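Subject: Structure handover

Dear colleague,

Please find the structure below. My notes on it follow.

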Amino acid sequence: MYSFTKARKKPLFAEDTKLWLIFIGAVSGLMIFFSLFLLTKIYFYQKDIKNFKSQIVQNRKQIIDFTQKIAFIKKEKQLVTEIEVNNELLKDGVKNLLDLIPDPITLTNIKIEKNYLYIYGVTPTKDVYNVLLLPPLKSIFTQTKTNFYQMDNGWYRFESINILKEDK
Amino acid sequence: MFRLVKYFIKQTLIAFFVKNEKYILQKQIVKNDKILEKIEFEFNEEEFIIFLKSCFIENTQTYVSTIIDTFNQGVVDSCSHSKYKELGINLDNIKILCLKDYSIFIGLYELNTFQKEMKKFNVDFIFSPYLLIDIHKSKTKNSIYILITDSFVVVLIYEDGIKPKYSNIYQFKIDEENTLENDSVDDTLSEDIENIDLVDDIEELDDIEDLDEDIESSLDDMDEVNIDNNENIDDIVEVKNEIETLDFIKNSIKDYYENYSDNFLEYGYLFYDTEISNKLISNIENETFLEIKSEKIDILSAINELALKEIDV
């Protein structure tokens, strides 16, 4: 300290400079705020774009998946149609078969598998069976095998196994 | 904070003193302790105030400094209040400025009066003339330093090589008699003019041009008398100041030997910022029995140097 008095307080900037600085500061602040706002918006848009891109990839996967499922369902449908047709045919076949059964013969059980037809019943005589039922069965099936078991009253219980071999 | 700011912001330092009712000042523009610009001016009071206002508008970091040359100030080789009491100085009436190894005091009344006078100039720093010597000193063992300006003489004596032991200041008196004489010459000449103006029988004059010539010749005479008179007064004042300076130095040394120290002075230094005659230097050498090294110093630069140091504190 060299002086008998102390210096008066000196403002760092003049009044008009202060006003300019406040104005520049306020404008800079607003610009920074606006830039931050835009940067935030850009960030969120980029995040959305990323999400949409991953969603597109997922959707594409789903489309492939659905296409495969559709193809599978179409095949199933085709198969169902085939089964229905087969069933219809089988139904007609069974009806025709039942129509073939002559009056003296009584059926006790019919079992139908894919290429097999099992017929169980009672016939008064073997000849009745061989004359009335066997010829139509032979005309339908490729192979027919019949077993007879005599009952106490003289009638015969029969078991007929009919095989239908598909042409290769 | 300030130290950081001063690297980027310019400071304006204005040092001034009053000489014959004129304000002699030096403006320095400083940045990071480097002087970028140094200009000196001489103004009257009104011009000086206007100049200061423009400086304050130009730069808020403007510091105005001056020196106080009142008689009632001195140096004590300690900051201790007990030392002041020992010397019989009343602490209530003084302001003490404690420096590194010594202190400078000044009468409160004189300081307050000076501050009131300087209020219109918004003075920031008021320095003691002793500091002007202190910043220019070289050897400080048994050395006497004398500073001579147009308005005062300062003596500062160092004994132990560190701090000043003795100080004294002398203000040159304004010679009122010479001023009165000057006034009386002006009055006589004014009367002459009035006499010419008040010629009663103006009609008796043959030609009005003769009257003009008379007035012009009277005015020329008056100017010559004034110039001669002023030169004579300047010479008288110079001689008178030299005699007073010599007496003051002689009395100061006598006072020092009688009341302060038994050690003989070995070195003498004379600083001045005014024109001094070789005769004065040889007279001082004869009176002090020392070889005096004289050096012209720039008081205004020294004041600004002090101001810069003060700002840095």
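Which pattern does chain A follow when read along the sequence? Chain A follows α-β-β-α-β-β, where helices (H or I, at least four residues) and strands (E, at least two) are DSSP runs, numbered from the N terminus.

Some conventions come with the file. This is a predicted model, in which local features need pLDDT of at least 70 and side-chain atom pairs count only at pLDDT 80 or more, while totals for chains, interfaces and linings use all residues. Residues are numbered from 1 along each chain as its sequence is written, and chains are lettered from A and ligands numbered from 1 in the order in which they are written.

Chain A

The secondary structure of chain A comes to two helices and four strands. Of its 168 residues, 7% are buried; buried here means 20 or more other C-beta atoms within 10 Å of the residue's own, exposed means 12 or fewer, and partly exposed lies in between, with C-beta atoms placed from the backbone. Among the contacts in chain A with a separation of 6 or more, 42% are between residues 24 or more positions apart. A contact requires C-beta atoms, placed from the backbone, within 7 Å.

The side of chain B that touches chain A

Twelve residues of chain A are in contact with 19 residues of chain B. On the chain B side, the elements giving two or more residues are strand 6 (94–98), helix 4 (108–118), strand 8 (125–127) and helix 9 (299–312). The residues on that side divide into eleven nonpolar, four polar and four charged. Nonpolar covers Ala, Val, Leu, Ile, Met, Phe, Trp, Tyr, Cys and Pro, charged covers Asp, Glu, Lys and Arg, and the others, Gly among them, count as polar.

A sheet in chain B

Three strands of chain B form an open antiparallel sheet in the order 5-7-6; two strands pair if DSSP finds at least two bridges between them. Strand 5 (73–76) and strand 6 are the edge strands, each pairing on one side only. From one strand to the next, the twist averages 20 degrees. Strand 5 is joined to strand 7 (residues 103–107) of chain B by four bridges, and B:V75 has B:I104 as its bridge partner in strand 7. Helix 4 of chain B lies across strands 6 and 7, at about 75 degrees to strand 7. Axes are lines fitted to C-alpha atoms, for helices over the stretch in contact, and angles run from 0 to 180 degrees between N-to-C directions.

B:S151

B:S151 is in the loop between strand 9 (141–148) and strand 10 (152–160) of chain B. With 18 other C-beta atoms within 10 Å, B:S151 is partly exposed. Not counting residues up to four places away in sequence, B:S151 touches B:K19, B:D69, B:Q171 and B:F172.

Regards

Terms used
Two residues are in contact if their C-beta atoms, placed from the backbone, lie within 7 Å.
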